[in-house]
Amino acid sequence: MRWAVTLTALSSALFLGHAAMAQSLAKSIRPELRPAGDVVTRTNPAPVLAFASAPITRPQLRPDSSAAPLPPAVEKTAADAGFQRWIQGFRGRALAQGISASTFDRAFRGVRYDPDVIRRDRNQSEFTKTIWEYLDSAASDSRVRNGKSSLRKHRRKLEAIETRYGVEKEVVVAVWGLESYYGTYRCDNDVVQSLATLAYDGRRGKFFESQLVAALKILQNGDTSPRNMTGSWAGAMGHTQFIPTSYLAYAVDFTGDGKRDIWSNDPSDALASTAAYLARFGWVKGQPWGVEVKLPRGFNYASASRKIKRSPAEWANLGVGGVDGRAVPNYGAASILLPAGGQGAAFMVFKNFSVIERYNAADAYVIGVGHLSDRIKGGPAIKAKWPRGDRALTFAERKEMQRRLTQSGFNTQGVDGKIGPKTIEAVRSFHRAQGMAPDGYASLSLLKR
C-alpha cells in the first residue's frame, strides 16, 4: 500500500507534478513514494521533506550526449515504438503469471507511452518542504473543517467500520483527508498506462512491473474496468490511494456487493480497506499515535531515538511531560521524536505511530495523519514554536551534507540525499564533536558550519 510520503513532500505534488501543484497544496498530501508490499524503508527526516524515497537515476538507454538532441516529436515517436515492443514482451510475462489473454488485451487497448509520467517521476527529489510547512497544510483550518464535515456526513458508516476493525473513525477520516482531500481529488490518470510507462522506463522497473501485474489481476477479478481504474501517475488508486499489490492483499468489500470498489463516489470500501489495513498491522484502539510533550532543560538529546522506548512514567521521571504540565497517561512504551531537532515540537510516540507508518513511512505523514485526526476530534493545534526562519535543504544540499559529514569522519553510509537514521546519527556525532546539542537536526546552518 505504501509509496513510503517518501518522504517526503511538498503537499501532494509527489504524484501530481508541476501542473497541479498549486491546486494540490490544498488537497492531497503525500510525502513520499510507498515501497512495495509490506517492506517499510523508514526515512526519519530531520527538517526536510523530500519527494522521493529512491535516488533519482537516469533511464537505461540514453542518446549520445555529444549528439544534437532530438526534437520532442521524434523522441516521442521513438519512445512509442519501443514501448509497443515492450508491451509485446511483457504480455508473455503477464500470461505466465496467470493473466488471461483477454484480460491483458482489454486492459492495454489504447494504452500509449506517457512522457508526462516520466517527467513527474524525474522531478520528485527536487521539491522540498519543511516539516512545519507540511503540517500547516496537512492540518490546515480548511482540512480540519472539511474533515469534521465528512465525519458528520458519513458517521454511521464510519462508526460501523470502527466497530468492525477497531480503528477510530477520526484516524480513518484523517488518512482520507491527506490522501484525496476526502475523496474530492482522487486523480484521473489511467493506472495501466502509467504503470506500464514506468515499468518500460526501467527506473525501478521490476517494482512497477509487479504493480502492473497486480493491477491486471484486479481487473481479471472484476473489481473494476480498465478505464475506470484511475489514480495517481505512480499507480496509487482510489479515495485512500492503495497501490495494486496492497489492494490485492488488504482491500475489503464492506458494502457486500461482491466488489472491492475504492474508485466510486461511495467511499465505503475505501475507508473500510484503510481501517482493515491499519488493523492488520496491529492498531491499538484507545492508544494515541503520539502526544506533544515538553522537554526539560538539559534534556539528553541522544535519548530522542525510536530505538529507545520507555513508559510515560519513566519519561516523567526524566522530566518529560505533556505540554499541559501533567504526566502523559500510561498508553504503553514510547519514544521521543524531534522532527525539527531541539528547536521545534517534541512528541512522545507510541505503537500506533508505527502502524500508521506502515501506510506511509514518512514521519511527516504519520504526524500529519495523527495531528489531523486529533484536530478533527476537537484537539488543539501543536503548541511548540517551529524554527520558521530555517528553509529546507535542497536535494543537492542534502547530498553535500552527507559528503561533507563522511569526509569529516562521520559516515552517513551513502550519499543519496535522504535524511534517514544513518545520516541523523552522523549529524548527532558531528554535534557532539562540536560541543553542540546532539539533536540530529540537519539544518542549513549546520551545512554551512
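## Reading helix packing and loops in a predicted model

Modeller: In this predicted model, helix α7 (residues 141-153) and helix α9 (residues 169-180) have axes that come within 10 Å and cross at roughly 125°.

Biologist: How are α7 and α9 oriented to each other?

Modeller: Angles over 145 degrees would count as roughly antiparallel, and 65 to 115 as roughly perpendicular. The angle here is roughly 125°, so α7 and α9 are oblique to each other. Their crossing is right-handed.

Biologist: Which residues of α7 and α9 meet?

Modeller: From α7 they are Arg143, Gly147, Ser150 and Leu151. On the α9 side they are Lys169, Glu170, Val173, Trp176, Gly177 and Leu178. Sorted by class, this contact has four nonpolar, three polar and three charged residues.

Biologist: Take a second pair. At what angle do helix α8 and helix α13 pack?

Modeller: Helix α8 (residues 155-165) and helix α13 (residues 268-280) pack at about 25°, and their axes are 10 Å apart. Angles under 35 degrees count as roughly parallel, so α8 and α13 are roughly parallel to each other. The crossing of α8 past α13 is right-handed.

Biologist: Which residues make that contact?

Modeller: α8 supplies Lys157, Leu158, Ile161 and Tyr165, while α13 supplies Ser268, Leu271, Ala272, Ala275, Ala276 and Ala279. Eight of these residues of the contact are nonpolar, one is polar and one is charged.

Biologist: Now the chain as a whole. How many helices and strands does the chain have?

Modeller: There are 19 helices and nine strands. The chain has 449 residues, and 58% of them count as buried. Its accessible surface comes to about 18,300 Å², with 50% of that belonging to carbon and sulfur atoms.

Biologist: Burial can also be read helix by helix. How many residues of helix α6 are buried?

Modeller: Helix α6 (residues 131-138) is mostly covered, with six of its eight residues buried. Those six are Ile131, Trp132, Tyr134, Leu135, Ser137 and Ala138.

Biologist: Where does arginine 204 lie?

Modeller: Arginine 204 lies in the loop between α10 (191-201) and α11 (205-221). Its relative accessibility is 23%, so arginine 204 counts as partly exposed.

Biologist: What is the phi of glutamine 241?

Modeller: Glutamine 241 has a positive phi of about 55°, and it is not a glycine. Glutamine 241 sits in the loop between β4 (230-231) and α12 (244-250).

Biologist: Does glutamine 241 count as buried or exposed?

Modeller: Glutamine 241 has a relative accessibility of 2%, so it counts as buried.

Conventions: Residues are numbered from 1 along each chain as its sequence is written. This is a predicted model: local features need pLDDT of at least 70, side-chain atom pairs count only at pLDDT 80 or more; totals for chains, interfaces and linings use all residues. Side-chain values use heavy atoms; hydrogens and water are left out. Axes are lines fitted to C-alpha atoms, for helices over the stretch in contact, and angles run from 0 to 180 degrees between N-to-C directions. Helices (H or I, at least four residues) and strands (E, at least two) are DSSP runs, numbered from the N terminus. A crossing is left-handed if the near helix is turned anticlockwise from the far one by less than a right angle, and right-handed if clockwise. Contact means heavy atoms within 4.5 Å. Ala, Val, Leu, Ile, Met, Phe, Trp, Tyr, Cys and Pro count as nonpolar, Asp, Glu, Lys and Arg as charged, and the others, Gly among them, as polar. Buried means under 20% relative accessible area, exposed over 50%, partly exposed in between (1.4 Å probe, protein chains only). Accessible areas come from the Shrake-Rupley method with a 1.4 Å probe; for residues, only the protein chains shown count as cover.
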